[in-house]
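The chain is shown below.

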Amino acid sequence: MRALIVDDSRAMRLLMGRLLANLDIAVVEVGNGREALDVMESAGPFDLALVDWNMPVMDGLAFVLEVRQDRRFDEMAIMMVTTESEEAQVQRAISAGASEYLMKPFSPQLFAQKLENLGLAIR
Ligand SMILES: [Mg+2]
């Protein structure tokens, strides 16, 4: 199991990285959607991407739209992890192809629950 963290906040990357490490999930971190696409190109598909909405260069929504046009990444679950909490925003992300939505701030319990919702094989 391999996850890609896409967030311009180093603190958030650290936090999510720790939570995933506790679940024995290997992690690669990047700071925006463009870097994420580059890593996916060079390192192959990930099982899961945890994606911030507001980022420089390429934001989370643009990233999701781009990824969902590429059949190679059909199997990758995408969870938006963001402070954008309006229902309309959530719907936009889901319509774009996000699999799950998690609002910041969140508890480790909710984080784990959302991963379970995705049906990912977590020990
Ligand atoms: Mg951000």
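Angles under 35 degrees between axes count as roughly parallel. The model is predicted. In it, the axes of helix α2 (residues 33-43) and helix α3 (residues 60-67) cross at roughly 30 degrees, and α2 and α3 are therefore roughly parallel to each other.

**Packing of α2 and α3**

- Two packed helices are described by the angle between their axes and the distance between the axes.
- For α2 and α3, the axes come within 9 Å.
- On the α2 side, the contact is made by G33, A36 and L37.
- On the α3 side, G60, A62, F63 and E66 take part.
- By class, the residues of this contact of α2 with α3 are four nonpolar, two polar and one charged.

**Buried face of α3**

- The buried residues in α3 are G60, L61, F63, V64 and V67.
- Viewed down the axis of α3, these buried residues fall within an arc of 160 degrees, so they line one face of the helix.
- The cover over the buried residues of α3 includes the strands β1 (2-6), β3 (48-51) and β4 (77-82).
- The helices α2 and α4 (87-96) are also among the elements that cover them.

**The sheet**

- Strands of a sheet pair through backbone hydrogen bonds, either parallel or antiparallel.
- Here five strands form an open sheet with parallel pairing, in the order β2-β1-β3-β4-β5.
- The edges are β2 (26-30) and β5 (100-103); each has a single partner strand, so one side of each lacks a neighbour in the sheet.
- From one strand to the next, the twist averages 20 degrees.
- Helix α2 packs on the sheet and touches β1, β2 and β3.
- The direction of α2 makes about 135 degrees with that of β2.
- Strands β4 and β5 pair in the parallel sense over four bridges.
- V81 has L102 in β5 as its bridge partner.

**Residue M12**

- M12 is located in helix α1 (residues 10-22).
- A residue is buried if 20 or more other C-beta atoms lie within 10 Å of its own, and exposed if 12 or fewer do.
- M12 has 18 C-beta neighbours inside 10 Å and therefore counts as partly exposed.
- Apart from neighbours within four places in sequence, M12 is in contact with D7 and D52.
- M12 and V81 are 69 residues apart along the chain, and their C-alpha atoms are separated by 9.7 Å.

Key: Residues numbered from 1 in each chain as written. Predicted model: local features only at pLDDT ≥ 70, side-chain atom pairs only at ≥ 80, totals over all residues. Axes fitted to C-alpha atoms, helices over the stretch in contact; angles between N-to-C directions. Helix = DSSP H or I, 4+ residues; strand = E, 2+ residues; numbered from the N terminus. Parallel < 35°, antiparallel > 145°, perpendicular 65-115°, else oblique. Contact = placed C-beta atoms within 7 Å. Nonpolar A, V, L, I, M, F, W, Y, C, P; charged D, E, K, R; others polar. Arc of directions from axis to C-beta. Pairing = 2+ DSSP bridges.
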